[in-house]
Amino acid sequence: MSDHANPTETKPRRKRGWLVPIGIIVIAGLLLANVLLQLRPDQPAAAPANESAESSAAPTEAPDLTVYEYRDANDVHAAGPVDAPVGLIVFSDYQCQFCAKWTTQTLPVMLEFAEAGDLRIEWRDINMYGEASDRAARAAHAAGLQSKFWEFHTALYPDGNHRTEAELSQEALIATAAELGLDAERFVADMNSPAVAQLIATRAAEAQQLGVTGTPSFLLNGLPIVGAQPTDMFVNAIETALDTAQKG
């Protein structure tokens with residue numbers, strides 16, 4: 001079992017070690033949070049220009065960004081129970097080198113939390129790099145429809161690297177599906193179906209509308225995190241959220 005599986009013993013050291021980086025990450029994440037706050041449909045309209053300074057300076061309650069978690073039992077891009085106490089949304093792209101790094105170094109530890117019932121992981125593809133990214137996202141969803149999303153996802157980041165555009169061709173993706181034992185005919189049909197294309201496009205557009213412009217980006221229990229930060233930072237954040245949830 002990895003040293004992250006039972007992190008309680010080293011928890012104080014981790015929190016001290018990452019205090020400054022977490023502050024930097026949160027500051028960067030507030031840029032995303034600010035966009036999300038302004039996009040929430042339930043927010044009141046901006047105050048008229050002629051309102052008093054005292055009125056316009058009234059404190060605004062921080063947005064509950066956990067509302068962007070789907071918590072859908074039929075979401076093939078997810079891991080962990082739908083009612084897990086902590087949620088993690090991952091915004092990613094299959095041609096992003098830092099997404100490959102995070103998938104290789106940190107995702108396995110996150111999946112341990114999911115398997116323990118403590119974390120709900122929801123993957124969202126942004127497809128910032130064009131058709132190859134979109135095709136890979138559609139292929140990963142098609143694999144998910146055969147209960148192989150995570151295996152296919154991992155295969156798209158071999159040895160901690162992203163594939164080249166040529167390695168994300170339809171032929172290459174079909175070959176990967178075959179290697180994983182998927183029904184190739186069904187895989188091709190799903191990957192190229194209008195329904196899957198629409199779902200992938202809708203999720204990508206939703207992420208961009210929420211203000212996510214770089215990958216990887218995250219919402220961990222509503223906390224925006226930008227970049228492929230060290231695994232310990234995610235572990236600490238999850239442990240803190242779990243402690244909070246246990247205290248009610």
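User: How many bridges join strand 2 to strand 4?
Analyst: Strand 2 and strand 4 run antiparallel. Strands (E, at least two residues) and helices (H or I, at least four) are DSSP runs, numbered from the N terminus, and two strands pair if DSSP finds at least two bridges between them. The number of bridges that join strand 2 to strand 4 is four.

User: What pLDDT do local features need in this predicted model?
Analyst: Residues are numbered from 1 along each chain as its sequence is written, and side-chain values use heavy atoms, with hydrogens and water left out. The model is predicted: totals for chains, interfaces and linings use all residues, side-chain atom pairs count only at pLDDT 80 or more, and local features need pLDDT of at least 70.

User: In what order do the five strands form the open sheet?
Analyst: The pairing in the sheet is mixed: strand 2 runs parallel to strand 3, joined by seven bridges, while strand 4 and strand 5 pair in the antiparallel sense over four bridges. The order of the open sheet is 1-3-2-4-5.

User: Which residue in strand 5 does L219 stand opposite?
Analyst: Begin with I89, which stands opposite E122 in strand 3. In strand 4, the bridge partner of I89 is L219. L219 in turn stands opposite a residue in strand 5, namely P224.

User: Which residue in the turn of the hairpin of strand 4 and strand 5 has a positive phi?
Analyst: Two residues lie between strand 4 and strand 5 in this hairpin. The turn residue has a positive phi of about 55 degrees. That residue is N221.

User: Which residues of strand 4 are buried, and on which sides?
Analyst: Buried means under 20% relative accessible area, against over 50% for exposed and in between for partly exposed (1.4 Å probe, protein chains only). Both faces of strand 4 are covered. The buried residues are S217 and L219 on one side, and on the other F218 and L220.

User: At about what angle to strand 2 does helix 4 run?
Analyst: Helix 4 lies across strand 2, strand 3 and strand 4 (217-220). Axes are lines fitted to C-alpha atoms, for helices over the stretch in contact, and angles run from 0 to 180 degrees between N-to-C directions. Helix 4 runs to strand 2 at about 145 degrees.

User: Why is the pair of W123 and W150 edge-to-face?
Analyst: Rings of Phe, Tyr and Trp (its six-membered ring) pair if their centres lie within 6.5 Å; planes under 30 degrees apart count as stacked, over 60 as edge-to-face and the rest as tilted. W123 is buried, with a relative accessible area of 1%. The ring centres of W123 and W150 are 5.8 Å apart, and the pair is edge-to-face because the planes stand at 90 degrees.

User: How many aromatic pairs does the structure hold?
Analyst: Ring pairs link W102, W123, F149, W150, F218 and F234 into a cluster. The aromatic pairs in the structure number eight.

User: What is the C-alpha separation of F187 and A142?
Analyst: F187 is in helix 9 (residues 184-191) and counts as buried at 0% relative accessibility. Leaving aside neighbours within four places in sequence, its contacts include A139, A142, F152 and L182. F187 and A142 are 45 residues apart along the chain, and their C-alpha atoms are separated by 5.6 Å.

Notes
Contact means heavy atoms within 4.5 Å.
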